[in-house]
Amino acid sequence: MTPNRWYGLGSIYLRQEKYQLAEYHYRRALAINPQNPILYCQLGAVLHKTKKNEEALRMLCGDELNAALSTATKQSKAAKQANQESVG
């Protein structure tokens with residue numbers, strides 16, 4: 001299954017307040033795509049809802065999220081530059 005499917009199912013379960021299922025699916029998505037900062041934020045939100053506050057803070061403020069944000073920023077800049085080069 002792709003990370004998007006795991007993420008989608010996690011989001012559905014989060015809306016239904018089925019937090020254990022949401023956590024499971026977000027963790028599966030992160031295992032496949034640890035460079036996605038959105039997954040860390042969503043998992044952090046679920047952990048907060050289930051009173052796992054220390055782990056939620058690690059998800060929202062930890063090194064893994066910072067690394068994912070850095071990677072996403074680099075990818076965004078590279079895509080923007082490639083787009084500009086193809087247009088001009």
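Which side chain does Glu23 join in a polar contact of 2.9 Å? The partner is the side chain of Lys52; a polar contact here is a pair of N or O atoms within 3.5 Å, where within protein one must be able to donate a hydrogen and the other to accept it, and residues adjacent in sequence count only if both atoms are side-chain atoms. This is a predicted model, so local features need pLDDT of at least 70 and side-chain atom pairs count only at pLDDT 80 or more, while totals for chains, interfaces and linings use all residues. Residues are numbered from 1 along each chain as its sequence is written, and side-chain values use heavy atoms, with hydrogens and water left out.

**Around Glu23**

- Glu23 sits in helix α2, residues 19–32 (helices are DSSP runs of H or I with at least four residues, numbered from the N terminus).
- With a relative accessible area of 10%, Glu23 is buried (buried means under 20%, exposed over 50% and partly exposed in between, using a 1.4 Å probe and protein chains only).
- Leaving out residues up to four places away in sequence, Glu23 touches Leu43, Val46, Leu47 and Lys52 (contact means heavy atoms within 4.5 Å).

**Aromatic pairs**

- Searching the whole structure turns up two aromatic pairs (rings of Phe, Tyr and Trp, the last by its six-membered ring, pair if their centres lie within 6.5 Å; planes under 30 degrees apart are stacked, over 60 edge-to-face, and the rest tilted).
- Trp6 and Tyr24 have ring centres 6.0 Å apart and planes at 80°, so that pair is edge-to-face.
- Trp6 belongs to helix α1 (residues 3–15) and Tyr24 to helix α2, so the pair ties together parts 18 residues apart in sequence.
- Trp6 is buried at 9% relative accessible area, whereas Tyr24 is partly exposed at 40%.
- Tyr7 and Tyr26 make a tilted pair, 5.9 Å centre to centre with 45° between the planes.
- Here too helix α1 meets helix α2: Tyr7 lies in the former and Tyr26 in the latter, so parts 19 residues apart in sequence are tied together.
- Tyr7 is partly exposed at 28%, and Tyr26 is buried at 0%.

**Nonpolar core**

- The largest nonpolar core has 16 residues, and Tyr26, Leu43 and Val46 are among those with the most contacts inside it (such a core is a set of buried Ala, Val, Leu, Ile, Met, Phe, Trp, Tyr and Cys residues joined through side-chain atoms within 4.5 Å).
- At least two residues of this core come from each of α1, α2, α3 (37–49), α4 (53–61) and α5 (63–87).
- Tyr40 is also on the most-contacts list; beyond its neighbours within four places in sequence, Tyr40 is in contact with residues including Leu30, Pro34, Met59 and Ala68.
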